[in-house]
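Student: I am new to this structure and would like a close look at the sheet and what surrounds it. Could you walk me through that part?

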Amino acid sequence: LSLSLQPFITVVSDLGSASVTWFHSEVNLVIVPSQQVYDIGIKCGVDPKKMQLIGLPVRSQFWTESESKAELRQKLGLLDPSVPV
């Protein structure tokens, strides 16, 4: 197979800035996490139709709250509330 038949997709994970090396004008799709990075892609010559601003993809287990902070402190033995965690 020719490589030209394969989609060329870039997922940028830098939130506030990004190296210009992430962006190529011949890309099929660039997924970016923030407006700042989207703007960098535009300045690097990526067609806006080929860019999607979707935020940073994070597995749901990382953002689903399962227990309160007090419950977690108790469970982990971090009983002194004056100590920051």
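Tutor: Happy to! Angles, in turn, run from 0 to 180 degrees between N-to-C directions. Please keep in mind that this is a predicted model.

Let's begin with the sheet itself. Three strands make up an open sheet, in the order S1-S2-S3, and their pairing is parallel. At the edges are strand S1 (9-11) and S3, each of which pairs on one side only. Direction ignored, neighbouring strands of this sheet are turned by 15° against each other on average. As a general point, the strands of a sheet pair through backbone hydrogen bonds, and the pairing may be parallel or antiparallel.

Now look at one of these pairs. S1 is joined to strand S2 (residues 29-32) by three bridges, and the two run parallel.

Helix H1 (residues 35-43) lies across S2 and S3, and its direction makes an angle of about 170° with S3. On the way from S2 to H1 you pass through a loop, and Ser34 is found there. Ser34 is buried, because its relative accessibility is 10% and the cut-off for buried is under 20%. Leaving aside residues up to four places away in sequence, Ser34 touches Leu15 and Leu53.

Leu15 leads us on to the surface. Together with Leu56, Val58, Phe62 and Trp63, Leu15 forms a nonpolar surface patch, and the five share about 570 Å² of accessible area. Trp63, one of these residues, sits in the loop between strand S3 (51-53) and helix H2 (69-76). Trp63 has a relative accessible area of 59%, so it counts as exposed, the cut-off being over 50%.

Let's finish with a charged pair. Glu67 and Lys75 form a salt bridge, with their closest N and O atoms 3.3 Å apart. The count of salt bridges here comes to one. What about the cover on each partner? Lys75 is exposed, because its relative accessibility is 59%, while Glu67, at a relative accessible area of 24%, is partly exposed.

Methods:
Residues numbered from 1 in each chain as written. Predicted model: local features only at pLDDT ≥ 70, side-chain atom pairs only at ≥ 80, totals over all residues. Heavy atoms only, no water. Patch = residues over 30% accessible without salt bridge, like charges linked within 9 Å, V, L, I, M, F, W, Y side chains within 5 Å. Areas by Shrake-Rupley, 256 points an atom, 1.4 Å probe, with all protein chains shown as cover. Salt bridge = Lys/Arg side-chain N within 4 Å of Asp/Glu carboxyl O. Helix = DSSP H or I, 4+ residues; strand = E, 2+ residues; numbered from the N terminus. Buried < 20%, exposed > 50% of the residue type's maximum accessible area, 1.4 Å probe, protein only. Pairing = 2+ DSSP bridges. Contact = heavy atoms within 4.5 Å.
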